[in-house]
Amino acid sequence: MAGKIKTLLDQIILEKAKGDPIMEKLTKTKLLVKGIRVENFTPISEDDPVVLQKVQQVARDFGVTLAV
């Protein structure tokens with residue numbers, strides 16, 4: 001299934017930012033520090049299992065529960 005990484009990243013950003021554009025940028029920056037560039041993923045991006053695991057770990061680190 002393509003685009004799962006994008007969906008999960010969007011969930012993380014939505015949960016952390018809660019609509020605040022500054023928090024959205026901060027969350028994207030935190031993801032970048034953890035090695036995930038949000039802009040690299042689209043709804044048609046192939047889902048790399050290694051990146052999926054990394055995104056799930058980041059969600060746990062951020063205290064976000066993902067709806068998979």
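1. In this predicted model, L31 touches L9, I13, I36, V38, V58 and F62, a list that leaves out residues up to four places away in sequence.

2. L31 also belongs to the largest nonpolar core, which has 17 residues, and is among those with the most contacts inside it, together with I5, L9, I12, I36 and V55. The elements that give two or more residues to this core are α1 (4-17) and α3, and of the elements it is α3 that gives the most, with six residues. As general background, nonpolar side chains in soluble globular proteins tend to be buried together.

3. The loop between α2 and α3 holds G35, a residue that is partly exposed, its relative accessible area being 49%. Although G35 and V58 are 23 residues apart along the chain, their C-alpha atoms are separated by 10.0 Å; V58, for its part, is one of the residues that L31 touches.

4. The loop between α2 (21-33) and α3 (49-62) is also where D47 is found, and this residue deserves a separate comment. D47 is buried yet has no salt bridge, since K4, the nearest side chain of opposite charge, is 6.7 Å away, whereas a salt bridge requires the charged atoms to lie within 4 Å.

Definitions and conventions. Residues numbered from 1 in each chain as written. Predicted model: local features only at pLDDT ≥ 70, side-chain atom pairs only at ≥ 80, totals over all residues. Heavy atoms only, no water. Helix = DSSP H or I, 4+ residues; strand = E, 2+ residues; numbered from the N terminus. Buried < 20%, exposed > 50% of the residue type's maximum accessible area, 1.4 Å probe, protein only. Lys, Arg positive; Asp, Glu negative; His and termini not counted. Core = buried A, V, L, I, M, F, W, Y, C linked by side-chain atoms within 4.5 Å. Contact = heavy atoms within 4.5 Å.
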